[in-house]
Amino acid sequence: MPLQLVTAPAGEPITLLEAKQHLRVDVDDDDVLIGSLITAARQAAETLTGRQLMTARWRLVLDAFPGALTMHVPSDAAFSLPGHAILIAKCPVQSLVSIEYLDMNGSLQLMSAGDYVLDTACEPARLTPVFGKTWPTTLPQIGSVIVTFDAGYGPSSSVPEGLKSWIKLRVGSLYGHREEVAMLSRGRIDPLSFVDGLLDGYRVSLV
């Protein structure tokens, strides 16, 4: 689904001091470089997992509201993914800011917050109309629905340690090998297979 970053996070899940302690760097010469590597590693973690670590605002753009013909939740199912649900794959979703849509006149309308319900207990988060309501009719044109939401764990102290450990290890790799390839003069270096496994429990699946 097309996701657009509206407001970037104000900080990073690990500090410059934490990164330098991991790298065993005491001088300040490479502070700017290390800071940029932290950002790059955090973005890589978010791409690989489908998560947002620090709070950011996102926009999900759709061509129409889904499942106009399946506006119901199975009565005998303890959990379901109803056909009219919008799935928000950037996790964890903190709050929904707005749902806007183009009506049949091409005018942008704001959907009332009392007409939909957001379930953040599952990942991806589920978004549907409240019971008794339906999604409004939209202009049959691409980009007719805009869902704006905030996602992320909040402060860095709330970001899981497994994700922060992966970032530190990735920063160490990027700092130690600053080119596209590494030229080794002697010996053999094998990657640590467990490193990317740190992300396994945090990967968001749409299935």
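Q: Which residues point one way from strand 8, and which the other way?
A: This is a predicted model. In it, Val145, Val147, Phe149 and Ala151 point one way from strand 8. Ile146, Thr148 and Asp150 point the other way. All of these are buried.

Q: Why is strand 8 called largely enclosed?
A: Because seven of its seven residues are buried, strand 8 is largely enclosed by the rest of the structure.

Q: In what sense does strand 8 pair with strand 2, and over how many bridges?
A: Strand 2 and strand 8 pair antiparallel, over seven bridges. Trp58 stands opposite Phe149 of strand 8.

Q: And how many bridges join strand 4 to strand 8?
A: Seven, and those two strands run antiparallel. Ser98 has Thr148 in strand 8 as its bridge partner.

Q: OK, on to the rings. How many aromatic pairs are there?
A: The count is two. Phe65 and Tyr101 form an edge-to-face pair, 6.0 Å centre to centre with 65° between the planes.

Q: Where do Phe65 and Tyr101 sit in the chain?
A: Phe65 is in the loop between strand 2 (56-62) and strand 3 (86-88). Tyr101 is in strand 4, residues 93-102. They are 36 residues apart, and the pair links distant parts of the chain.

Q: Is Phe65 buried or exposed? And Tyr101, buried or exposed?
A: Phe65 has a relative accessible area of 10%, so it counts as buried. Tyr101 comes out at 13% and is buried.

Q: What about Phe65 and Trp135, stacked or edge-to-face?
A: Stacked: 4.6 Å centre to centre, 5° between the planes. That pair also links distant parts of the chain, with Phe65 and Trp135 70 residues apart. Trp135 is in the loop between strand 7 (125-129) and strand 8 (145-151). Phe65 and Trp135 are both buried.

Q: Which residues form the aromatic cluster?
A: Phe65, Tyr101 and Trp135 form one cluster.

Q: Now the largest nonpolar core. How many residues, and which have the most contacts inside it?
A: It has 20 residues. Ile86, Ile88, Ile99, Leu127 and Val147 have the most contacts inside it. Strand 2, strand 3, strand 4, strand 7 and strand 8 each supply at least two of its residues.

Q: What is Ile86 in contact with, leaving aside neighbours within four places in sequence?
A: Its contacts include Leu60, Leu62, Leu127 and Val147. Phe65 and Trp135 are also among them.

Q: How many residues are in the other core?
A: It has 19, among them Val25, Ile38, Val159 and Val195, and it lies apart from the largest one.

Q: How far does helix 2 reach?
A: Its 19 residues, 31-49, reach 27 Å from first C-alpha to last, close to the 27 Å expected. Just after helix 2, Gly50 takes a positive phi of about 80°.

Q: Last one. Where is Ser144, and is it buried or exposed?
A: Ser144 is in the loop between strand 7 and strand 8. Its relative accessibility is 1%, so it counts as buried.

Q: What does the side chain of Ser144 reach?
A: The backbone oxygen of Leu139, at 2.8 Å. Beyond neighbours within four places in sequence, Ser144 is in contact with residues including Leu62, Asp63, Glu100 and Tyr101.

Definitions and conventions. Residues are numbered from 1 along each chain as its sequence is written. Side-chain values use heavy atoms; hydrogens and water are left out. Rings of Phe, Tyr and Trp (its six-membered ring) pair if their centres lie within 6.5 Å; planes under 30 degrees apart count as stacked, over 60 as edge-to-face and the rest as tilted. Helices (H or I, at least four residues) and strands (E, at least two) are DSSP runs, numbered from the N terminus. Buried means under 20% relative accessible area, exposed over 50%, partly exposed in between (1.4 Å probe, protein chains only). A nonpolar core is a set of buried Ala, Val, Leu, Ile, Met, Phe, Trp, Tyr and Cys residues joined through side-chain atoms within 4.5 Å. Contact means heavy atoms within 4.5 Å. The expected span of a helix is 1.5 Å times one less than its number of residues. A polar contact is a pair of N or O atoms within 3.5 Å; within protein, one must be able to donate a hydrogen and the other to accept it, and residues adjacent in sequence count only if both atoms are side-chain atoms. Two strands pair if DSSP finds at least two bridges between them.
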